[in-house]
Amino acid sequence: MSGKDRIEIFPSRMAQTIMKARLKGAQTGRNLLKKKSDALTLGFRQILKKIIETKMLMGEVMREAAFSLAEAKFMAGDFSTTIIQNVNKAQVKICAKKDNVAGVALPVFEHYHEGTDSYELAGLDRGGEQLAKLKRNYAKAVELLVELASLQTSFVTLDEAIKITNRRVNAIEHVIIPRIERTLAYIITELDEREREEFYRLKKIQEKKKILKEKSEKDLEQRRAAGEVMEPANLLAEEKDKDLLFE
Amino acid sequence: MLEGAEFYFNVDHGYLEGLVRGCKASLLTQQDYINLVQCETLEDVKIHLQTTDYGNFLANQTNPLTVSKIDTEMRKKLCREFEYFRNHSLEPLSTFFTYMTCSYMIDNVILLMNGALQKKSVKEILVKCHPLGRFTEMEAVNIAETPSDLFNAVLVETPLAPFFQDCMSENTLDELNIELLRNKLYKSYLEAFYKFCKSHGDVTAEIMCPILEFEADRRAFIITLNSFGTELSKDDRETLYPTCGKLYPEGLRLLAQAEDFDQMRRVADHYGVYKPLFDAVGDGSGGKTLEDVFYEREVQMNVLAFNRQFHYGVFYAYTKLKEQEMRNIVWIAECISQRHRAKINSYIPIL
């Protein structure tokens, strides 16, 4: 990536106007992209804060849920095999939606319940209360996990988007705009030089013309002095014109 | 009425009763529990358990020590002791032991039926079955295609057959919810066990019948409590109550109509034995739950069983107390390993 080149274009006034327009376009583009990058960074920071909060909460909830599992096992004995045997369909399902932040599409996961609780009667004879509490705790944990998953995917996507946008901003700022400016400067210098050449050429021609004129005047003087020159007829002088028939 | 049990009990069962009393003497005491509660890691727990009757039962375990390993090893020890008692017993003590294992068998059968219905591999389920509930036809379960086949070919030979006949006819086996089936089987089992103890008469009836009555009533209360807010209808609920308890028939009828905890409490207030239990229940979190209170009462009754001699109740009481001790140790171990010591003292103290 050399930093000294410019766009190859024939330097003319129109080229200059075109270049000026392009420069303006590049600058506007750069500002817009900077604004987008700022908005993305703002969203990014917010998501980061939410992730930290959710992760702390997650630690607490998982601890609580694991402990309620121990409590339920204490009351109801070992029910794990019964529960595992009875698994057939998922009760909590996730659907993915798209959320738009400053033009970037972020995936968002939403959970929804489907079907009834097939373990409603588990622990009917022992430990039913603990099992119900356990179910609630783990349901909360699952919801938190879904939220955390959404947040983390958005985090990663936003990170990518911010990197790309910043790269573009920097490219425009450090490559495109200087290149256009250099081209403009080149065009202007060329145009100036051409003007100077023109001027110089004009001056020279004028000098030459002056010399020629002086020479021809001198000639005329000499010839007039010798009497060889016939003056053309002066229409303004009041003399009778031979060619006119009727007066 | 005492029919002179002290004359001929020791001939057949004296050795075993002595043995079981010795085992009972080695249950963990309050001091042991205090030591366990003060442990910081599971390794400390293992060291403390080495000084008790458990000895080096965890000696062959590789690191890291988990709570489930402790649980499995303790259960193996209990099974070894139980099998020893059972193998050395004579009639009618052996029938008594068979009755005791029926409750584990019911759990295993339900597990196997479930697995067979869902076409899961039998080997995996066999590993998860409770070892005390082993019966010889267990591996044959996967031969049966439908539940009625299962019943005809497999279950007819087991001691559980009469309980199935009580519950239902063959063709409703797969429609019933598994939990309802389990509870119905357990109800038949309790009633049969109660009849057996009562017909045996003597000190055994005096000790075992109150225990079994309490078990029946406790099941009625707990089922009622846990069925609030579920789809279980009142009639279905009533079919699950065992009828061998004090609540039969009036209390059970009232319980079937109960809609919430207070109505249940009012039913319990009619019975002098259960009123103080319900009063001891705290409200919401922080206090004792009804199940805690019932567990404590069960432990009390089991400990009292050892005050009389020449009856079979000592074996039942010992097994139940040992199980409670296992649950206590697992609870304390879980609290330690999860570093959640707030409720570490919620175990049920035995001695």
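A:Thr183 counts as buried because its relative accessibility is 0%, and buried here means under 20%. This is a predicted model, and every value below is computed from it. A:Thr183 sits in helix H3 of chain A, which covers residues 128-226. What does A:Thr183 touch, leaving aside its neighbours within four places in sequence? Its contacts are A:Arg6, A:Ile7, A:Ile9 and A:Met19.

Now turn to the interface. The size of an interface is often given as the accessible area lost when the parts come together. For chain A and chain B that area is about 3,000 Å². Carbon and sulfur atoms account for 54% of it. On the chain A side, A:Phe74, A:Gln85 and A:Leu124 stand out. They supply 26% of the area that chain A buries against chain B, more than any other three residues. The contact takes 27 residues from chain A and 40 residues from chain B.

Which elements of chain A give two or more residues to the side that touches chain B? They are helix H1 (13-76), helix H2 (80-85) and H3. H1(A) gives the largest share, with 9 residues. By class, this side of chain A has 10 nonpolar, 8 polar and 9 charged residues.

Helix H4 of chain B runs over residues 67-87, 21 residues in total. At 1.5 Å a residue, H4(B) should span 30 Å. Its end C-alpha atoms are 30 Å apart, so expectation and model agree.

Which residues of H4(B) are buried? The list runs B:Val67, B:Ile70, B:Glu73, B:Met74, B:Lys77, B:Leu78, B:Cys79, B:Glu81, B:Phe82 and B:Phe85. To read that list, recall the helical repeat. An α-helix has 3.6 residues a turn, so residues three or four places apart point the same way. Look along the helix with that repeat in mind.

Next comes the backbone of chain B. The loop between H4 and helix H5 (93-117) of chain B holds B:Pro92. A cis peptide bond joins B:Glu91 to B:Pro92, with omega about -10°. Another cis peptide bond runs from B:Tyr248 to B:Pro249, where omega is near -5°. B:Pro249 lies in the loop between helix H11 (234-240) and helix H12 (250-257) of chain B.

Two residues call for a look at phi. B:Phe310 is not a glycine, yet its phi is positive, about 65°. This residue belongs to the loop between helix H15 (290-305) and helix H16 (313-337) of chain B. B:Arg339 is not a glycine either, and has a positive phi of about 55°. B:Arg339 is in the segment after H16 of chain B.

Are B:Phe310 and B:Arg339 buried or exposed? B:Phe310 counts as buried because its relative accessibility is 16%. B:Arg339 is exposed, with a relative accessible area of 65%.

Notes: Residues are numbered from 1 along each chain as its sequence is written. Chains are lettered from A and ligands numbered from 1 in the order in which they are written. This is a predicted model: local features need pLDDT of at least 70, side-chain atom pairs count only at pLDDT 80 or more; totals for chains, interfaces and linings use all residues. Side-chain values use heavy atoms; hydrogens and water are left out. Helices (H or I, at least four residues) and strands (E, at least two) are DSSP runs, numbered from the N terminus. The expected span of a helix is 1.5 Å times one less than its number of residues. Buried means under 20% relative accessible area, exposed over 50%, partly exposed in between (1.4 Å probe, protein chains only). Contact means heavy atoms within 4.5 Å. Buried area is the accessible area (1.4 Å probe) that two parts lose on being put together, summed over both. Ala, Val, Leu, Ile, Met, Phe, Trp, Tyr, Cys and Pro count as nonpolar, Asp, Glu, Lys and Arg as charged, and the others, Gly among them, as polar.
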